[in-house]
Amino acid sequence: MRIDIITVQPELLRSPFEHSIMQRAQQKGLLEVVVHDLREYGIGKHRMVDDYQFGGGAGMVMMPEPLANILDDLQAQRKYDEIIYLTPDGELLKQKRVNQLSLKENLILICGHYKGIDERIREHYVTLEISIGDYVLSGGELPAAVLVDAIGRLIPGGLGDETSALFDSFQDQLLAPPVYTRPAVFRGWAVPEILRSGNFPAIEEWRHQQAIERTRQRRPDLLDENDQS
Ligand code: 9D3
């Protein structure tokens, strides 16, 4: 899988992808992340990428031409499955969408800044708009890193042996049960006896019940289906 990221702050995106799982998947050639500096497509000798908005108002808007030019260049090189714009008014990111995107071959991510990008790019190029949550960030770069991380860990061979995406609690809509390690008693606080019983069917049942109870208490919204899968 190849992911091209378009940004005016490429430095913000370099370090996340030089680490851990991301790098493992990338070294195996399973995932290629290419960060593009939009300023290289900027207009004039000042490499302009943003301008005042029509109608007035504070804040700069990312100009259509640099974006259209880099998108044309990329699309001339390969077929992209989705052109994704990270934006606070996009679809709230959920695991189901991550799972879908992890099956794609080529993705483009556009990171917004300032007051966002010219609406015509959204109309004529963007195929999917994603928000990572209802809070205001300063740009789309960290959301892009979040999305790439979530996708990258699903790519076969991209995960450590000790974990499996299929058994992740979010995959089955439940929160994870509590976990413990040694010592069996710490400051007088004992690990639940069942976990030390060696009775694995009983342990599985206990964990499942804990997961359900925890989900009911903390995230009842995950239980009342509403088709969030
Ligand atoms: C003019 C109104 N603002 C929307 C609340 C404009 C605006 C604020 C912040 C436009 C962009 C941003 C920067 N944030 C993102 O680009 C962004 C984001 C976010 O702030 N929260 C959650 N997900 C995302 S994805 C991209």
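A nitrogen atom of the ligand lies 2.8 Å from a polar backbone atom of Tyr 135, in what is a predicted model. Two further pairs of this kind can be found in the model: a nitrogen atom of the ligand is 3.0 Å from a polar backbone atom of Ile 132, and an oxygen atom of the ligand is 2.8 Å from a polar backbone atom of Leu 137. Of the 570 Å² of accessible area that the ligand has on its own, the protein covers 75%.

Around the ligand there are 15 residues, and the closest are Lys 115, Ile 132, Gly 133, Tyr 135 and Leu 137. When this shell is sorted by class, it consists of 8 nonpolar, 6 polar and 1 charged residues. The strands β5 (82–92) and β7 (128–131) each supply at least two residues of the shell, and the largest share, 3 residues, comes from β5.

Now turn to helix α7, which runs through residues 200–218. Which residues of α7 are buried? They are Ile 203, Trp 206, Ala 211 and Thr 215, where buried means under 20% relative accessible area. These four residues cover an arc of only 165 degrees around the axis, and therefore they sit on the same side of α7. On the other side of α7, by contrast, Pro 201 and Gln 217 are exposed.

Terms used:
Residues numbered from 1 in each chain as written. Predicted model: local features only at pLDDT ≥ 70, side-chain atom pairs only at ≥ 80, totals over all residues. Heavy atoms only, no water. Near = heavy atom within 4 Å. Polar contact = N/O pair within 3.5 Å; in protein donor to acceptor, adjacent residues only side chain to side chain. Areas by Shrake-Rupley, 256 points an atom, 1.4 Å probe, with all protein chains shown as cover. Nonpolar A, V, L, I, M, F, W, Y, C, P; charged D, E, K, R; others polar. Expected span 1.5 Å × (residues − 1). Buried < 20%, exposed > 50% of the residue type's maximum accessible area, 1.4 Å probe, protein only. Arc of directions from axis to C-beta.
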